[in-house]
Amino acid sequence: MNIWIDADACPSPIKEILYRVANRKAIYTTLIANQRLTIPLSPYIKTLQVEKGFDIADNKIIELVKTNDLVITSDIPLASDVLNKGAFVLTPRGEKYTLDTIKERLTMRDFMETMRASGIQSKGPTMFSNKDREKFANQLDILINQVSNKV
């Protein structure tokens, strides 16, 4: 298993959790972003900087991800593409997407996009909290153990 992080929008506390897990479990972890990132010195953690542009980082993740890899992202279309390649998806808030749940998420995303385009205001996501961080850490641990037991 490799971990791929859609790093442009990933909260720092989640990156910190992933750095610790990468080193503790010896899992190769790559942060993909369109900007330069600072990461801890580790044989398991690296960055990949892509050009700025619409979906460039997402397309790079889709290109590189393999079956049983894990992608950390809130991007629903990216999550859908990754799931279709046989990888796992976990959001920074600890929600695990599956092939069963992603269709509903895509439908809701498209509906909300249509509503916003017609001028209806919607609330953005809530502030990232310690509860989100805990949920992410717990789900990450469950997922890594699940994949480790498969292999």
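Predicted model: local features only at pLDDT ≥ 70, side-chain atom pairs only at ≥ 80, totals over all residues.

Me: Where does D55 lie, and what is the value of its phi?

Reply: D55 belongs to the loop between β3 and α2 (56–64). Its phi is near 65 degrees, which is a positive value in a residue other than glycine.

Me: Which residue with positive phi follows α1?

Reply: That residue is A26, with phi near 55 degrees. A26 is likewise a residue other than glycine, and it sits in the loop between α1 and β2. At a relative accessibility of 40%, A26 is classed as partly exposed.

Me: How many residues does the protein chain have, and what share of them is buried?

Reply: There are 151 residues in the protein chain, and 36% of them are buried. The accessible surface amounts to about 9100 Å², with 52% of it belonging to carbon and sulfur atoms. As for contacts with a separation of 6 or more, 49% of them involve residues 24 or more positions apart.

Me: How is a helix such as α1 examined for length and for burial?

Reply: The general idea is that an α-helix has 3.6 residues a turn, so residues three or four places apart point the same way. In this structure α1 has 14 residues, and the span from its first C-alpha to its last is 20 Å, close to the 20 Å expected at 1.5 Å a residue. The buried residues in α1 are I14, K15, I17, L18, Y19, V21 and A22.

Me: How is a pair of aromatic rings described?

Reply: Such a pair is described by the distance of the centres and the angle of the planes. This structure holds 1 aromatic pair. The ring centres of Y28 and Y44 are 5.4 Å apart and the planes stand at 50 degrees, so the pair is tilted. The reasoning rests on a cut-off: planes under 30 degrees apart would count as stacked, and those over 60 as edge-to-face.

Me: Which parts of the chain does the pair of Y28 and Y44 tie together?

Reply: Y28 is in the loop between α1 (12–25) and β2 (29–33), while Y44 is in the loop between β2 and β3 (45–49), so the pair ties together parts that are 16 residues apart in sequence. Y28 is partly exposed at a relative accessible area of 49%, and Y44 is partly exposed at 23%.

Me: Is T30 buried or exposed, and which residues does it touch?

Reply: T30, whose place is in strand β2, counts as buried at 5% relative accessibility. Leaving aside residues up to four places away in sequence, T30 touches I3, W4, I5, K46, T47 and L48.

Me: What is the distance in space between N84 and T98?

Reply: N84 and T98 are 9.5 Å apart, C-alpha to C-alpha, and 14 residues apart in sequence. N84 is found in helix α3 (residues 76–84), and with a relative accessible area of 58% N84 is exposed.

Key. Residues numbered from 1 in each chain as written. Heavy atoms only, no water. Phe/Tyr/Trp six-rings, centres within 6.5 Å; stacked < 30°, edge-to-face > 60°. Helix = DSSP H or I, 4+ residues; strand = E, 2+ residues; numbered from the N terminus. Buried < 20%, exposed > 50% of the residue type's maximum accessible area, 1.4 Å probe, protein only. Contact = heavy atoms within 4.5 Å. Areas by Shrake-Rupley, 256 points an atom, 1.4 Å probe, with all protein chains shown as cover. Expected span 1.5 Å × (residues − 1).
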